[in-house]
Amino acid sequence: MSTLLLDAEAIYADLLQGVRKLMRPDSALVGIWSGGAWLAERLQTDLGLAGSAGVISSSLHRDDFGSRGMSASADHTKLPFDVSGRHIVLIDDVLFTGRTTRAVINELFDFGRPASVTLAVLVDRGGRELPIEPAFSAARIHLAAEQRLRLAKDDDGRFSFDLKGD
C-alpha cells in the first residue's frame with residue numbers, strides 16, 4: 001500500500017500564479033462543477049477580479065450518460081456573463097481522461113462562441129483518453145486507473161485531497 005501526500009493549499013498557490021499568467025483583460029474564469037467551481041470562486045477573489053466566476057456542469061453532455069444517468073441536481077451551469085467573444089479560462093481540480101473537459105466545452109458552446117478556451121488544472125493525473133491537455137497544471141501525478149483523487153473544501157474554504165482506492 002502506498003501513501004500519497006499532497007498539500008492542496010500549496011498546490012493552489014501554484015495554480016493561482018499560473019492562472020494569473022493566463023489571464024487577459026477580457027478573460028473570464030469558469031470552474032467545472034464542483035471542485036473546479038470552488039477553485040474558480042477562490043481564484044476570482046484572489047486575483048481581484050470583479051463579478052463572479054462562472055460555473056459549468058458536464059452532466060448534459062457526458063458520453064457515459066446511459067450508464068450514469070442524470071443526477072437530481074444536474075444543471076449547475078451558471079454563467080453570469082456573455083460567453084461570446086470572451087477568452088475563457090476553464091478551471092478544473094483533477095484532470096484524468098479528458099472526457100469531463102470535452103463535455104463542458106460542449107456545454108460552454110451552448111451559451112455562445114468564446115474567442116478562446118484555455119484549460120488550467122490543479123492536478124493532472126495522466127490517463128488521458130482524449131487529446132486534451134491543460135495550458136497549466138499546478139501538479140502532475142500518476143495514479144492507478146482505479147484510484148480516485150477528489151478535492152475537498154472545509155468550512156473555512158481551505159482545500160485538501162481525498163484519495164480512494166489505494
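P114 touches V83, G85, R86, I88, L108 and F109, leaving aside residues up to four places away in sequence; contact here means heavy atoms within 4.5 Å. The structure is a predicted model, in which local features need pLDDT of at least 70, side-chain atom pairs count only at pLDDT 80 or more, and totals for chains, interfaces and linings use all residues. Residues are numbered from 1 along each chain as its sequence is written, and side-chain values use heavy atoms, with hydrogens and water left out.

- P114 is placed in the loop between α4 (99–109) and β4; helices (H or I, at least four residues) and strands (E, at least two) are DSSP runs, numbered from the N terminus.
- P114 has 8% relative accessibility and therefore counts as buried, a term that means under 20% relative accessible area (1.4 Å probe, protein chains only).
- Between P114 and S84 there are 4.6 Å in space, C-alpha to C-alpha, although they are 30 residues apart in sequence.

**Helix α4**
- The residues T101, A103, V104, E107 and L108 of α4 are buried.
- These buried residues line one face of the helix, because they fall within an arc of 160° seen down the axis of α4; the arc is that of the directions from the helix axis to the C-beta atoms.
- The buried residues of α4 pack against β1 (27–32), β2 (54–56), β3 and β4.

**Nonpolar cores**
- A nonpolar core is a set of buried Ala, Val, Leu, Ile, Met, Phe, Trp, Tyr and Cys residues joined through side-chain atoms within 4.5 Å.
- The largest nonpolar core has 27 residues, of which L15, V19, L29, L43, I91 and L122 touch the most other members.
- Helix α1 supplies the largest share of this core, six residues.
- Another core, of 15 residues, lies apart from it and has A28, I56, L79 and V104 among its members.

Notes. Buried means under 20% relative accessible area, exposed over 50%, partly exposed in between (1.4 Å probe, protein chains only).
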